[in-house]
Amino acid sequence: MDKAKKEINAISGGDLSQEEVGNGLKEALNSGISEAVDFLHKPDGYFKSSYKILVPKEAQSVVSKLKAVPGFGDVEEKLVEKMNRAAEDAAQKAKPIFVSAIKQLSFNDAMNILMGNPDAATRYLEKTTFDQLYAEFLPVIQASLDKVNAREYWRSAVTTYNKIPLVQKTNPELDDHVTRMALAGMFSLVEKKEAGIRSNVNLRTSELLKKVFAKQDKK
């Protein structure tokens with residue numbers, strides 16, 4: 001018996017094959033990421049959910065001061081909607097990147113995830129996909145922000161703010177903030193989906209999922 005088979009037998013008592021562990025984890029991950037991406041990509045997926053992206057902290061002084069300036073009274077509300085629409089546009093880019101990472105899941109990765117912490121799958125995806133996701137999200141978010149004139153609107157707001165006497169001049173950028181907050185929201189939702197399948201047997205919708213995650217329940 002080779003080392004991999006000995007390891008799986010030692011951990012599972014021989015009732016799970018290496019192939020079943022790998023396929024079960026991949027099925028669970030694909031289901032979770034698909035649901036998360038589809039939810040966030042739809043209209044109001046970010047804007048009217050708990051994953052809503054807010055104005056960056058360093059911009060709070062700008063929007064606070066501008067509320068008293070004609071034409072900018074609702075600057076924060078407009079900006080928040082524009083940022084979230086951009087994130088919703090970009091969300092669709094995540095699915096193929098996640099799927100590629102899941103396909104590369106090794107047997108050891110799968111076992112570590114199955115028997116690991118409640119967020120082990122999410123942390124694995126975060127570690128293996130974040131940089132690529134950021135690179136894919138950023139240009140889409142920039143284009144989406146420009147599509148709704150968010151960056152031009154924000155530049156106009158900042159220019160107006162910087163003309164106010166005695167304020168400390170500022171130029172907070174939206175691109176990086178929206179991209180990072182969009183990804184934080186996505187990983188948070190993926191983590192929620194992972195917790196569900198780990199703790200709720202009713203979410204294990206196939207015999208393979210039931211069999212594989214039953215092993216986790218016994219640890």
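Where is D74 found? In the loop between α3 (60-66) and α4 (75-90). I'll come back to that loop. First, a word on what we have on screen. This is a predicted model.

Let's take the overall picture. The protein has 10 helices and 0 strands. Read from the N terminus, the order is α-α-α-α-α-α-α-α-α-α. Now the dimensions. The C-alpha trace spans about 75 × 30 × 25 Å along its principal axes. The radius of gyration is 22 Å, while a compact globule of 219 residues would come out near 17 Å.

Next, the surface. The accessible area of the protein is about 11,400 Å². Carbon and sulfur atoms hold 51% of that. On burial, 44% of the 219 residues are buried. On charge, there are 33 positive side chains and 30 negative ones. The centres of those two sets lie 2 Å apart.

Now the inside. Which residues have the most contacts within the largest nonpolar core? They are Y46, F98, L125, F137, W154 and M186, in a core of 67 residues. Helix α7, residues 120-147, gives the most to this core, with 10 residues.

Let's zoom in on L125 from that list. Skip its neighbours within four places in sequence. What is left in contact with L125? On one side of the numbering we have L29, I33, F98, A101 and I102. Then come F130, F187 and V190.

V190 brings us to another residue, E35. E35 is found in helix α2. E35 and V190 are 155 residues apart in sequence, yet their C-alpha atoms are 8.4 Å apart in space.

Start with D44. D44 sits in the loop between α2 (18-41) and α3. Its backbone deserves a look. Most residues other than glycine have a negative phi. D44 is not a glycine, but has a positive phi of about 70 degrees. At 24% relative accessible area, D44 is partly exposed.

Now D74 again, in the loop between α3 and α4. Why does D74 count as partly exposed? Because its relative accessibility is 33%. For a distance, take D74 and T179. These two are 105 residues apart in sequence. C-alpha to C-alpha, D74 and T179 are 23 Å apart in space.

Last, L203. L203 lies in the loop between α9 (175-199) and α10 (207-217). Its relative accessible area is 42%, so L203 is partly exposed as well. What does L203 touch, not counting residues up to four places away in sequence? The answer is G196 and I197. As for distance, L203 and A150 are 53 residues apart in sequence. Their C-alpha atoms are 40 Å apart in space.

Let me put two of those pairs side by side. E35 and V190: 155 residues apart in sequence, 8.4 Å apart in space. L203 and A150: 53 residues apart in sequence, 40 Å apart in space.

To wrap up: a predicted model with 10 helices and 0 strands, and a largest nonpolar core of 67 residues. Happy to take questions.

Definitions and conventions. Residues numbered from 1 in each chain as written. Predicted model: local features only at pLDDT ≥ 70, side-chain atom pairs only at ≥ 80, totals over all residues. Heavy atoms only, no water. Helix = DSSP H or I, 4+ residues; strand = E, 2+ residues; numbered from the N terminus. Rg over C-alpha atoms; globule rule 2.2 N^0.38 Å. Buried < 20%, exposed > 50% of the residue type's maximum accessible area, 1.4 Å probe, protein only. Areas by Shrake-Rupley, 256 points an atom, 1.4 Å probe, with all protein chains shown as cover. Lys, Arg positive; Asp, Glu negative; His and termini not counted. Charge placed at Lys NZ, Arg CZ, Asp CG, Glu CD. Core = buried A, V, L, I, M, F, W, Y, C linked by side-chain atoms within 4.5 Å. Contact = heavy atoms within 4.5 Å.
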